[in-house]
Structures are given as structure tokens and as C-alpha cells.
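These are my notebook entries on a structure that I had not examined before. I set down what I looked up, topic by topic.

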Amino acid sequence: QVQLVESGGGLVQAGDSLRLSCAASERIFNRYAMGWFRQAPGKEREFVAAFAWRGGATYYADSVKGRFAISKDNARNTVYLQMNSLKPEDTAVYYCVAGGSGSDPAGYDVWGQGTQVTVAS
């Protein structure tokens, strides 16, 4: 049973913007905090952004702070990642996650299939 489905990745130029979407099952969306991780070739999975477990606060990796924004649409059970001023080092597979908190990927139980973001210089 697929519970998280990402979309919106692609190939862009440095400085461009992209918005990733993550459609969640209603159960997942209403029960768990959600966030985004990414994994570049040859590197470990890296925290990008997430909602707090309670209260709606948001958290960002230092590398994306001020450029990326996480948001959600409760009516659509969807979480977004707006990525602005993209850099080549943002190139990675981006994963939507749920069921955990914080920046440790091991803390999240549910992962989407990933969507590729490639930023050309």
C-alpha cells in the first residue's frame, strides 16, 4: 500500500525554482508529522525540512534555510517543498517522510519512492 507519493522533480538551471509535492494517505497525513530528506549520489540521506510533531512549527537544514519552504494543504492531504535559488549541490533524490521527528532518517517509519531533482550549473 503506497502511502506517500512524491512529484514535481526535474532538471532545472541554477537559480531556478521547483515545488515538490507529497500526497499522503489521510491516515498518515492526520496522524504524523511529515518532512523531506534528500540523498545525493555517494552520500548519506540528509535532512532537508520537516514539521514539528505538534504545533505546526517548521525546521530546516542550514544548507536550505532561507531558500526552501515546507508547507501543507490539509484539504488535499499534501505536503509541499518550495525550493528557490537552487544550486547544483541541491541535486539529489528527494524523499517525503512521515512517522517520526527531527533530523535523523532512522526516526521516520514511512518513506515515499523519491523524486529526482537535478540542478545544472
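Which residues line the largest pocket? I worked from a predicted model, and I listed the lining as Phe 29, Asn 30, Arg 31, Tyr 32, Ala 33, Met 34, Phe 51, Ala 52, Trp 53, Gly 56, Lys 72 and Asn 74.

Entry on the pocket. I looked up the space in the largest pocket and found about 180 Å³.

Entry on the disulfide. I searched for disulfides and counted 1. Cys 22 and Cys 96 form the bond, and their sulfur atoms lie 2.0 Å apart. The pair connects distant parts of the chain, 74 residues apart: Cys 22 belongs to strand β3 (residues 18-24) and Cys 96 to strand β9 (residues 92-98). I noted a torsion of about -80° about the S-S bond of Cys 22 and Cys 96, so the disulfide is left-handed. Are Cys 22 and Cys 96 buried or exposed? I found both of them buried.

Entry on strand β1. I next examined strand β1, residues 4-7, whose covered face carries Leu 4 and Glu 6. Val 5 and Ser 7 lie on the uncovered face. I recalled that side chains in a regular strand alternate between the two faces of the sheet. Strand β1 runs antiparallel to β3, and 4 bridges join the two. For Val 5, I identified Ala 23 as the bridge partner in β3.

Definitions and conventions:
Residues are numbered from 1 along each chain as its sequence is written. This is a predicted model: local features need pLDDT of at least 70, side-chain atom pairs count only at pLDDT 80 or more; totals for chains, interfaces and linings use all residues. Side-chain values use heavy atoms; hydrogens and water are left out. A disulfide is a pair of cysteine sulfur atoms within 2.5 Å. Buried means under 20% relative accessible area, exposed over 50%, partly exposed in between (1.4 Å probe, protein chains only). Two strands pair if DSSP finds at least two bridges between them. On a 1 Å grid over the protein atoms alone, a cavity is a set of points where a 1.4 Å probe fits but cannot get out, and a pocket is an open set with protein on both sides within 12 Å along at least five of seven lines; lining residues have an atom within 4 Å of a point. Grid points are joined across faces, edges and corners, and a volume is the space filled by probe spheres set on the points.
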